[in-house]
Amino acid sequence: MLLAATESSGLGSQLTMLLPLLLIAGMMFLMFRSRKKQMAQQSAMVTSLVPGVRVLLGSGFFGTIQRVEGDRADIEIAPGVVTTVLTRSILRVDNGDQQTAGDDLIGRERGDEPPASPIDER
């Protein structure tokens, strides 16, 4: 009788020790799966880049792709200002329907001219 009680508590403690490991393994699987999905989306977006497409860079700059060659892209971030970036630094293609952070705060719609600078008014 004592032996049976010891065995059942041993099984219970093994399951108790195994449960955290299963939870950690499950979390790692979900994180790996999510990261793999993000990488596939990024790869599909990079392959769809063509000259003339407006993109948002990881630095927050918007620009227009001038040329894509391998893992690098020439992007015009201002008229006459072309910079070379890694294609990995391109966050997304700007479809024009997505607002940037802060646009809702100042009530600006896409395509509106930015507010005039107070420096220009002097």
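A search of the whole structure finds five salt bridges, a salt bridge being a side-chain nitrogen of Lys or Arg within 4 Å of a carboxyl oxygen of Asp or Glu. The structure is a predicted model, in which local features need pLDDT of at least 70 and side-chain atom pairs count only at pLDDT 80 or more, while totals for chains, interfaces and linings use all residues. Residues are numbered from 1 along each chain as its sequence is written, and side-chain values use heavy atoms, with hydrogens and water left out.

One of the salt bridges joins Glu-69 to Arg-67, with an N to O distance of 3.1 Å. Arg-67 is partly exposed, at 44% relative accessibility. Here buried means under 20% relative accessible area, exposed means over 50%, and partly exposed lies in between (1.4 Å probe, protein chains only). Asp-71 and Arg-72 also pair through their side chains, at 3.9 Å from N to O. Both partners are partly exposed: Asp-71 has a relative accessible area of 41%, and Arg-72 stands at 47%.

A further salt bridge links Arg-92 and Asp-94, whose closest N and O atoms are 3.8 Å apart. Arg-92 is partly exposed at 22% relative accessibility, whereas Asp-94 is buried at 10%. Through shared partners, salt bridges connect Arg-54, Arg-92 and Asp-94 in one network.

The protein chain contains two helices and five strands. These elements are DSSP runs numbered from the N terminus, with helices (H or I) of at least four residues and strands (E) of at least two. Their order along the sequence is α-β-β-β-β-β-α.

The chain mean is 81, and 71% of residues reach 70 or more. Among the elements, strand E4 (residues 81-86) has the highest mean pLDDT, 95. Helix H2 (residues 103-106) has the lowest, 55. Over residues 1-5, pLDDT stays under 50. For that segment the model has zero contacts beyond four places in sequence, contact meaning heavy atoms within 4.5 Å.

Of the 122 residues of the protein chain, 14% count as buried. The chain exposes about 9700 Å², of which carbon and sulfur atoms supply 62%. Accessible areas come from the Shrake-Rupley method with a 1.4 Å probe; for residues, only the protein chains shown count as cover. Among contacts between residues at least 6 apart in sequence, 30% join residues at least 24 apart.

In soluble globular proteins, nonpolar side chains tend to be buried together. A nonpolar core is defined as a set of buried Ala, Val, Leu, Ile, Met, Phe, Trp, Tyr and Cys residues joined through side-chain atoms within 4.5 Å. In this model the largest such core has 10 residues: Met-45, Leu-49, Val-53, Val-55, Leu-57, Ile-65, Ala-73, Ile-75, Val-85 and Ile-90. Strand E1 (54-57) and strand E3 (72-78) are the elements that give two or more residues to this core. Beyond its neighbours within four places in sequence, Val-85 is in contact with Leu-57, Asp-71, Arg-72, Ala-73 and Ile-75.

Strand E3 also holds Asp-74. Asp-74 is buried, with a relative accessible area of 13%. Leaving out residues up to four places away in sequence, Asp-74 touches Thr-64, Ile-65, Gln-66, Arg-67, Val-82, Thr-83 and Thr-84.

Key
pLDDT = per-residue confidence, 0-100.
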